[in-house]
Amino acid sequence: MRAKISYAVTAAVLVFYFVLVGSRGVMLIQSGTVLTVTFGVAVLILPVIGLWFLWKNTQFVRKANQLAAELDAEGGLPVDELKRTPGGRIDRDSADEVFAKRKAETEASPDDWRSWFRLAVAYHDARDTPRARKAMQRAIALHDGRPVQV
């Protein structure tokens with residue numbers, strides 16, 4: 001729940017920032033000179049890109065949470081079998097061990113979104129965020145019945 005609140009607060013701050021930057025862009029355009037209009041248009045592009053990125057990221061998180069809820073309802077969420085250091089951090093060797101198991105599971109059934117979801121969690125536990133995101137995107141695509149990009 002704390003993560004959802006943090007995400008919502010961050011998103012709200014970003015939207016406020018985009019509105020603020022956008023209003024500055026409009027003010028520059030209203031000045032009417034060639035230079036200020038050019039800068040105003042350039043400044044307006046930044047909030048558009050930021051809003052697009054925020055929207056895509058929010059959709060990704062929402063879909064990943066839906067998959068987690070569905071997998072939880074089926075009793076298929078990965079069990080936390082990771083060893084931890086006294087400080088609470090995940091032991092690297094333990095994460096690698098679980099990752100190898102999840103990778104083998106995914107290779108055995110490459111069209112199963114559940115195995116890709118569990119592989120994404122293993123990547124995340126191994127601190128490989130880019131691959132975790134790609135694996136989760138693949139799980140979402142397989143779940144939705146969309147073609148999977150390799």
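**A close look at helix α5**

Modeller: Happy to! Let's start where helix α2 (residues 34-74) meets α5: their axes come within 10 Å and cross at roughly 70°. An angle between 65 and 115 degrees counts as roughly perpendicular, so α2 is roughly perpendicular to α5. The crossing of α2 past α5 is left-handed. On the α2 side, the contact is made by Asn57, Phe60, Lys63, Ala64, Leu67 and Glu70, and α5 answers with Arg133, Met136, Gln137, Ala139, Ile140, His143 and Asp144. Sorted by class, this contact of α2 with α5 holds six nonpolar, three polar and four charged residues. Please keep in mind that this is a predicted model.

Now turn to the other partner, helix α4. Here α4 (residues 113-125) packs on α5 (residues 129-144) at an angle of about 165°, and the axes are 8 Å apart. Angles over 145 degrees count as roughly antiparallel, so α4 is roughly antiparallel to α5. Once again the crossing is left-handed, with α4 passing α5. From α4, the residues in contact are Trp113, Trp116, Phe117, Ala120, Tyr123 and His124; they meet Arg131, Ala132, Ala135, Met136, Arg138, Ala139, Leu142 and His143 of α5. In this contact of α4 with α5 you will find ten nonpolar, two polar and two charged residues.

The phi angle of Arg127 is near 65°, a positive value in a residue other than glycine. With 47% relative accessibility, Arg127 counts as partly exposed.

The structure holds two aromatic pairs. In one of them, the ring centres of Phe99 and Tyr123 are 4.8 Å apart and the planes lie at 50°, so the pair is tilted. This pair links distant parts of the chain, with Phe99 in helix α3 (residues 92-108) and Tyr123 in helix α4, 24 residues apart. Phe99 has 19% relative accessibility and counts as buried, and Tyr123, at 14%, counts as buried too.

Terms used. Residues numbered from 1 in each chain as written. Predicted model: local features only at pLDDT ≥ 70, side-chain atom pairs only at ≥ 80, totals over all residues. Heavy atoms only, no water. Axes fitted to C-alpha atoms, helices over the stretch in contact; angles between N-to-C directions. Helix = DSSP H or I, 4+ residues; strand = E, 2+ residues; numbered from the N terminus. Parallel < 35°, antiparallel > 145°, perpendicular 65-115°, else oblique. Left-handed = near helix turned anticlockwise from the far one by under 90°. Contact = heavy atoms within 4.5 Å. Nonpolar A, V, L, I, M, F, W, Y, C, P; charged D, E, K, R; others polar. Phe/Tyr/Trp six-rings, centres within 6.5 Å; stacked < 30°, edge-to-face > 60°. Buried < 20%, exposed > 50% of the residue type's maximum accessible area, 1.4 Å probe, protein only.
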